[in-house]
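Biologist: I am new to reading protein models, and I would like to go through one slowly with you. Could we take it feature by feature, with the general idea coming before the case?

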Amino acid sequence: MARFLKKKTDSLGKSPGDLIFVGDKKMDEPSIKMIDFDTDQLQEQEIQKIEECLSCKDNDTVSWININGLHDLDLIRQVGEGFNLHTLTLEDILNTGQRPKMEDYDDYLFFALKMMSYDEKKGIVNSEHLSIIMGGCFLLTFQERPGDVFDPVRERIRKQKGRVRKSGIDYLAYSLMDTIIDNYIHIIERLGEQIEDIEVEILDNPGK
């Protein structure tokens, strides 16, 4: 079952804004991928160093930079310095027990969300801390591990379906959050089916 609250023992007594990872390490090495697009062009690439994508801050295209792995404090610090992120934002990114919220900074909007997925084989719900930072022409997403619910959005970008390639960074952020919420509904429906199956089994076998 999904666990939403994480132990924060390591962060007790520390100063606000200190970079401390709160959670469980879920991958060995972090990875960075960038999708850069507008109505006419699309580029996808693996990023080795965060410096490779800093130029997107001044581009006219839409740049979505996804970072998998939150345990590498040096990488998170480099992203913060490169994109001028507040230290309190970095603290929230690293705290996997952070409750969902939105904060308005001078140069960007910060969203902390819970991204959930349903494991069909095990019949359980998995929860993951997700941070989204929406700047003027770039979007940063921070995930605990590879794998997410955003493949439908990626496919719309690749195949130029819907409005995402014709709209700005705000529509991309909306599309990601809308996909997260749609997945909540799917999970509720699957759990409802499980409950109904249990009810039928109990009613059909009252003596067991």
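Modeller: Let us begin with exposure, where a residue counts as buried under 20% relative accessible area, as exposed over 50%, and as partly exposed in between. Gln-160 has a relative accessible area of 44%, so this residue is partly exposed. Please keep in mind throughout that this is a predicted model.

Biologist: Since the model is predicted, what pLDDT does the protein average?

Modeller: The average is a pLDDT of 89, and 91% of the residues score at least 70. Over residues 1-5, however, the pLDDT is below 50, and this stretch has 10 contacts in the model beyond near neighbours in sequence.

Biologist: Is Asn-84 buried or exposed?

Modeller: Asn-84 has a relative accessible area of 54%, and therefore it is exposed. Asp-92, by contrast, lies in helix H2 (residues 87-94) and is buried, because its relative accessible area is 8%. Leaving aside neighbours within four places in sequence, Asp-92 is in contact with Gln-98, Lys-101, Glu-103, Phe-110, His-129 and Ser-131.

Biologist: How do I read a nonpolar core, and which residues touch the most other members of the largest one?

Modeller: In soluble globular proteins, nonpolar side chains tend to be buried together. Here the largest nonpolar core has 27 residues, and those that touch the most other members are Ile-65, Val-79, Phe-83, Leu-85, Ile-133, Leu-140 and Phe-142. Two or more residues of this core come from each of strand E1 (31-37), strand E3 (62-68), H1, H2, strand E5 (109-119) and strand E7 (138-143). Another core, of 22 residues, lies apart from it and includes Leu-130, Phe-150, Val-153 and Ile-169.

Biologist: Which residues does Phe-83 touch, if I do not count those up to four places away in sequence?

Modeller: Phe-83 touches Ile-50, Cys-53, Leu-54, Cys-56, Lys-57, Ile-65, Phe-138 and Leu-140. For one of these, Lys-57, the charged end sits over the ring of Phe-83, 5.9 Å from its centre.

Biologist: How is a pair of aromatic rings read, and how many aromatic pairs does the structure hold?

Modeller: Such a pair is described by the distance of the centres and the angle of the planes. The structure holds 4 aromatic pairs. In one of them, the rings of Phe-83 and Phe-138 have centres 4.8 Å apart and planes at 50°, so the pair is tilted. Because Phe-83 lies in the loop between H1 and H2 while Phe-138 lies in strand E7, the pair ties together parts that are 55 residues apart in sequence. Phe-83 counts as buried at 4% relative accessibility, and Phe-138 counts as buried at 7%.

Biologist: What does the pair of Tyr-171 and Tyr-174 look like?

Modeller: The rings of Tyr-171 and Tyr-174 have their centres 5.7 Å apart and their planes at 45°, so this pair is tilted. Tyr-171 and Tyr-174 are 3 residues apart in helix H4, and therefore they are separated by about one helical turn. Tyr-174 has a relative accessible area of 47%, which means that this residue is partly exposed.

Key: Residues are numbered from 1 along each chain as its sequence is written. This is a predicted model: local features need pLDDT of at least 70, side-chain atom pairs count only at pLDDT 80 or more; totals for chains, interfaces and linings use all residues. Side-chain values use heavy atoms; hydrogens and water are left out. pLDDT is the predictor's confidence in each residue, from 0 to 100. Contact means heavy atoms within 4.5 Å. Helices (H or I, at least four residues) and strands (E, at least two) are DSSP runs, numbered from the N terminus. Buried means under 20% relative accessible area, exposed over 50%, partly exposed in between (1.4 Å probe, protein chains only). A nonpolar core is a set of buried Ala, Val, Leu, Ile, Met, Phe, Trp, Tyr and Cys residues joined through side-chain atoms within 4.5 Å. Rings of Phe, Tyr and Trp (its six-membered ring) pair if their centres lie within 6.5 Å; planes under 30 degrees apart count as stacked, over 60 as edge-to-face and the rest as tilted. A charge sits over a ring if NZ of Lys or CZ of Arg is within 6 Å of the ring centre and within 35 degrees of the ring normal.
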